[in-house]
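Subject: Structure handover

Dear colleague,

I am passing on the structure that we spoke about, and I have set out below what was found in it. Please have it open while you read.

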Amino acid sequence: MSELTTIARPYAKAAFELAVEKGTVEAWNEMLFFAGQVISDEQVQALLGSIATESQQSEIIIKLCAEQLNEQGQNLIKLMAENERLAAIPAVAELFAELKADYDKEIEVDVVSATVLADDTQAKLVAALEKRFARKVKLNCSIDEAIVSGLVIKAGDTVIDGSVRGKLDRLATSLQS
């Protein structure tokens, strides 16, 4: 776990609890995502690096995000600036999104295949994964011809390697033992 993640966790949790209480989870998710993207921008990083105090940096960030941040979002930025934690905002956004996905009973699943998956195959895969994880599944499909055939499925800490490449690698490892 990175230091920024450790720093970001209480901010993300507090923002999420407030958002649930106020019924503004989606709005908070969008605000934090936008602020995280702004702070991650190289030009913004260079600008912030040239400014001495975090208070001044927070003013710049609030101005850059003015249309996207409500008063509570601006207060979070100010609080994080007071505690010299502005660099953790992208991590706060990421953790908030994870809390939201858990709250919404959603999970993102990365699927790697050797060829493009047909729509009906994706639908069957989503149905099977939703049953297995007891959550709504969002597929992120990509192609890697090196896996030869089959699928590699990654959902959180779970990895299901049903690829020919994976089977060949496991066979080679067992033969070397």
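The largest pocket is lined by 23 residues, and E94, A97, E98, A101 and E108 are the ones nearest its centre. A pocket here is an open set of points on a 1 Å grid over the protein atoms alone, where a 1.4 Å probe fits and protein lies on both sides within 12 Å along at least five of seven lines, and lining residues have an atom within 4 Å of a point. Please bear in mind that this is a predicted model, in which local features need pLDDT of at least 70 and side-chain atom pairs count only at pLDDT 80 or more, while totals for chains, interfaces and linings use all residues. Residues are numbered from 1 along each chain as its sequence is written, and side-chain values use heavy atoms, with hydrogens and water left out.

The space in the largest pocket comes to about 640 Å³, a volume being the space filled by probe spheres set on grid points that are joined across faces, edges and corners. The lining draws at least two residues from each of α2 (25-40), α6 (89-103), β1 (106-113) and β2 (136-143), and α6 gives the most, with eight residues. Helices (H or I, at least four residues) and strands (E, at least two) are DSSP runs, numbered from the N terminus. By class, the lining holds 11 charged, seven nonpolar and five polar residues; Asp, Glu, Lys and Arg count as charged, Ala, Val, Leu, Ile, Met, Phe, Trp, Tyr, Cys and Pro as nonpolar, and the others, Gly among them, as polar.

Turning to the sheet, four strands form an open sheet in the order β2-β1-β3-β4, with mixed pairing, where two strands pair if DSSP finds at least two bridges between them. Because β2 and β4 stand at the edges, each with a single partner strand, one side of each is left without a neighbour in the sheet. Strand β3 (residues 151-155) runs antiparallel to β1, to which four bridges join it, and V112 stands opposite V152 in β3. Four bridges also join β3 to the antiparallel strand β4 (residues 158-161), where V159 is the bridge partner of K154. Between β3 and β4, which form a hairpin, there are two residues, and G156 in the turn has a positive phi of about 65 degrees.

With best regards
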